[in-house]
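Trainee: Could you walk me through this model? I'd like to go strand by strand where we can.

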Amino acid sequence: MNKKIFGLKNPASTLTAFILFAVTLLVSPMVLAAVHNFSISANTLPNGQLGYALGGSTAEAVIPGPALFVKQGDTVQITLTNNTAFEVGFSVPGLINNNTAKAKPGQTQNYTVHANKTGSFVYHGNGKELLGLFGALIVDKKNAPIDSYINDDGGIVPVTQADLDKQFILFMVGSTFWGTEISGDGTHQKPLWANPNLGAVENDLVRFHVLSVGPGHTFHLHAHRWLKTGTNTVIDTKLLDVVQIAIHLLSKQAVASVRVIGNIIATCSPTWKQACTVVSRSKLLVVTEPVW
Amino acid sequence: MHGSFKVETVGSDGASVVGASPYGRILLGTKDEPGLVTFEITDEPGSWFRSARGDAIVGLGAGIRTKSLEVIAPGSSVNFIMSDTNAVHTISSLLWPTGAHHIPSNQTDAYRGGGIAKLDTPGLYVFTCKIHPYMFGAVIVDDPETADSNGNLALDLGDKASNFKIDLATGIKGLPTNSDLAIRLLKTFFVATSPGNWQDYSSGSWNVKFPDLPVVISGAPFSTVLTDGGFTTPLNILDIPPTSLPTSTPPTVKGVGEVWVNTQFEKTAGKYKAGTITVVDTTNWTVKRKIALPGINMNNPHNMWPTRDQSVIYATQWFDNKLTLINRENGQLIKNIQVGYAPSHVMTLPSTDDLTIAINGENGISVMPAGTTTVTKMMPTQAHGHTSASPHGHWVSADGSKIITPNINTGDVGIYAADGDIQSRTATGQGAPGAHPIAIGMMPDSSKIYATNLLHHSLSVLNGHTGELIKTINLIADYNPITGAFADNDGNGEIAVGVLPIQTPVSPDGKAVVIAATGGQILVIDTATDKIVKMFGCDPGCHGANFGAKKDGGYYAYVTSKFSNRLTVVDVDPNGDGDLSDAKIAGYVSLVDNGSNAKDDTVSGLPGFGGQGVLAIPNVYNGWVQNLPEDWKSGLTAAQRDPVGAH
């Protein structure tokens, strides 16, 4: 599988970040919480959309933005350089942010976020996020395991970082999925861009982070219609009341069920061309759709 | 949202397939991978579909005045996000290359979200919104192999394999792109989405600029002959060089009272959203007030109606979810109320003065009892569980017993009792998909209903009590869609055409229907024969029409246009003898701030543009005029005070 390393134009600072990650993982669980420094820029992409890049102005902006992996209790320091024509910030709803100010075009702002809770959190530009200024900040438990899945026989199987074969970040924005494929250890990130087809191999342990940006989130299934809940109305568009939620779901075993711990309880059997789509905070719906 | 997760057997690579990239194969893209262009959906005049790099596109020069056009390679995708709008919309295909895959795009309901489509077939794709049908976004999928004689990239307006023909959402298939109709649609796109191409009567000059880009079409423009392999021509052959615009000469005979005009695109300094209300004094034909309401960021005011005593004006914010109450006397805000999404038209029941509001982005008529500021119910325009009707420009019968709605999403005219009981639903448009019935007029005795079908270019005549369809008048019978020639094909003695008809009021005395057609025509229909008797030219984006009293007897029809800044005044019967043959345009009134009119904000752009809803005060329609206060009645003749009574 192609493992493209994202935007490494400024090796020095990125290497610093990786070293911090590596240190956090290798050292004994009794270590003090770490401080992560990320140098991020907001850039304009060729089609006019905006995106975050890890590194300086020559770093390539990606949508979703670079996924940031930290541990519960860590502090995240962001230095944001705004290379766009709009005011841009950095905000992580659900965590403690110290700075709500935005950077004017050409300016730099500093933000400190305390990763006091575990979960997958949206970070966004505090305006213009619908144009691409969003990404995921994943906060894992300080001590392994980081997550669990339910096996075929109903048993709960704990999972460590090292157990993961791959991870996906999926953002729902408007009616478009934006994705990133990430190596199990979080170090290699490949942009999958808009409406990708995700792939895995049977028995892979795959961790999904599904997040959304924007109010009134719509689910529309192209060329498909279904019945509006509780009625005989045939619809193909449904307005969802989901705002910036994130779910983890782990899948193991191609033909088995995918279950999720936490907010979401779901069933999804990943056979040919099926998509798991969130329709509410507490329900995951399986739909099938034709190949274009 | 489209995505799939494929799990393969052990031994396969299980690789993900990358989706559409903002760096990929789009005009000026940097990488050889499937590309993505993105349109933001906005409430901004002209730029309702605004490319994320719209400013850069206009900055390219080359005669491009629109931010609503993108160019991609086959296999790239177009993405839409409703990021700068307060309303709900659909993202619906209007036209596309014959044989295109994954198209047409459409949705059953208006919503807030986005859309994405992968486009493989070369050609022109135009997208619109079913709720606000002048919102346009266009993508040209360009086959990199086609070029002009100088080797410059020539943009394919169709697929070579289909002779560069296009299909329309209204059921027309295989329309050659060199036909007059296709060229008219192209002009409509480049005028509507480019404020620089609008008619500014205050500047005195008008020029229409098309991009200096070569395109490939089915044959020589307007020819009936198709060229094998396509015909290449620069788009700028359609340019209209600078033309002087006449100053607006108002009618010699005065009107009575005021005319309130929704100058829906006018921009003011104190707010982000567009739209003002311009009040014209008909006793001297000048602008007396401009109402912007910056304190509530009033957003695209569309249609109005007064209270019984004319003291309060109700106005809908069509790109929002608000109903605004305004003091008629001083133009100040009374209250701003949240109703449903994309409220379009408002009208009171003349019997009770209760207010009915068409909730165009949803599926009902909301009711606000007279004298209150709370909506008490929404009456569904369809049976429970049925497709949302999305009503647009409704009317109420003179006795207040019936509400008639044009249901754009379901292609029918609905008659509802004042309490909401669904009495009848009648399909219009003669079975054409997407006929888009958009506005209603009614005889003062309620005997007949008139409904315009925007995309079918027709007028439906229905029985006012049963809703039964009496006849459908083809408003483009005299038009040849290939050559563009006008001839009296329907044999009614008049050469008359109404392309894209919108508002269609009946004169208070029941003699005539006046139709504002956005293709640039005003039509007069004789209600005795239901035949077209006159056609006048109208400014681009001709849209709204409503009747008001003429001084000392008779009526004026006040007509508005979106892409100009003057009001057209039509007199269907200047000598008042009941014969419509002397119908004429009586004059024009500028809608531009004249420096001395009252105002609550400073005009900062698009002066006087966006004319849509129009309302004469006092309200002289039968059923309402009888309830006017005495001081308003005193300015009217006996016949005007009782338009269908014996006198």
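Predicted model: local features only at pLDDT ≥ 70, side-chain atom pairs only at ≥ 80, totals over all residues.

Trainee: How many bridges join E11(B) to E12(B)?

Mentor: Two, and the strands run antiparallel. Strands pair here if DSSP finds at least two bridges between them. The labels are DSSP runs numbered from the N terminus, with helices (H or I) of at least four residues and strands (E) of at least two.

Trainee: What sits between E11(B) and E12(B)?

Mentor: Six residues, in a hairpin formed by the two strands. Gly171(B) in the turn has a positive phi of about 100 degrees.

Trainee: And which strand is joined to E11(B) by three bridges?

Mentor: E6, residues 92–97 of chain B, again antiparallel. Leu95(B) has Leu168(B) in E11(B) as its bridge partner.

Trainee: What is the strand order in that sheet?

Mentor: E4-E9-E8-E6-E11-E12 in chain B, an open sheet of six strands with mixed pairing. E4 and E12 of chain B are at the edges with a single partner strand each, so one side of each has no neighbour in the sheet. Inside that order, E8(B) and E9(B) run antiparallel, joined by six bridges. Thr128(B) is opposite Phe136(B) in E9(B).

Trainee: Which strands does H2(B) lie across?

Mentor: E4, E6, E8, E9, E11 and E12 of chain B; the helix runs at about 120 degrees to E9(B). Axes are lines fitted to C-alpha atoms, for helices over the stretch in contact, and angles run from 0 to 180 degrees between N-to-C directions.

Trainee: How far does H2 of chain B reach?

Mentor: Its 13 residues, 180–192, reach 18 Å from first C-alpha to last, close to the 18 Å expected at 1.5 Å a residue. The expected span is 1.5 Å times one less than the number of residues.

Trainee: Which residues in H2(B) are buried?

Mentor: Among them are Leu186(B), Phe189(B) and Phe190(B). Buried means under 20% relative accessible area, with exposed over 50% and partly exposed in between (1.4 Å probe, protein chains only). The cover over the buried residues of H2(B) includes strand E13 (205–208) of chain B.

Trainee: Switching topic: how many disulfides over all chains?

Mentor: One, taking a disulfide as a pair of cysteine sulfur atoms within 2.5 Å. Cys538(B) and Cys542(B) form it, with their sulfur atoms 2.1 Å apart. The S-S torsion is about 80 degrees, so this disulfide is right-handed.

Trainee: Are those cysteines buried or exposed?

Mentor: Cys538(B) counts as buried at 12% relative accessibility, and Cys542(B) is buried at 0%.

Trainee: What about confidence in chain A: what is the mean pLDDT?

Mentor: The mean is 72, and 61% of the residues of chain A reach 70 or more. pLDDT is the predictor's confidence in each residue, from 0 to 100. Over residues 240–292 of chain A the pLDDT is below 50, and the model gives this stretch 152 contacts beyond near neighbours in sequence, where contact means heavy atoms within 4.5 Å.

Terms used. Residues numbered from 1 in each chain as written. Chains lettered and ligands numbered in written order. Heavy atoms only, no water.
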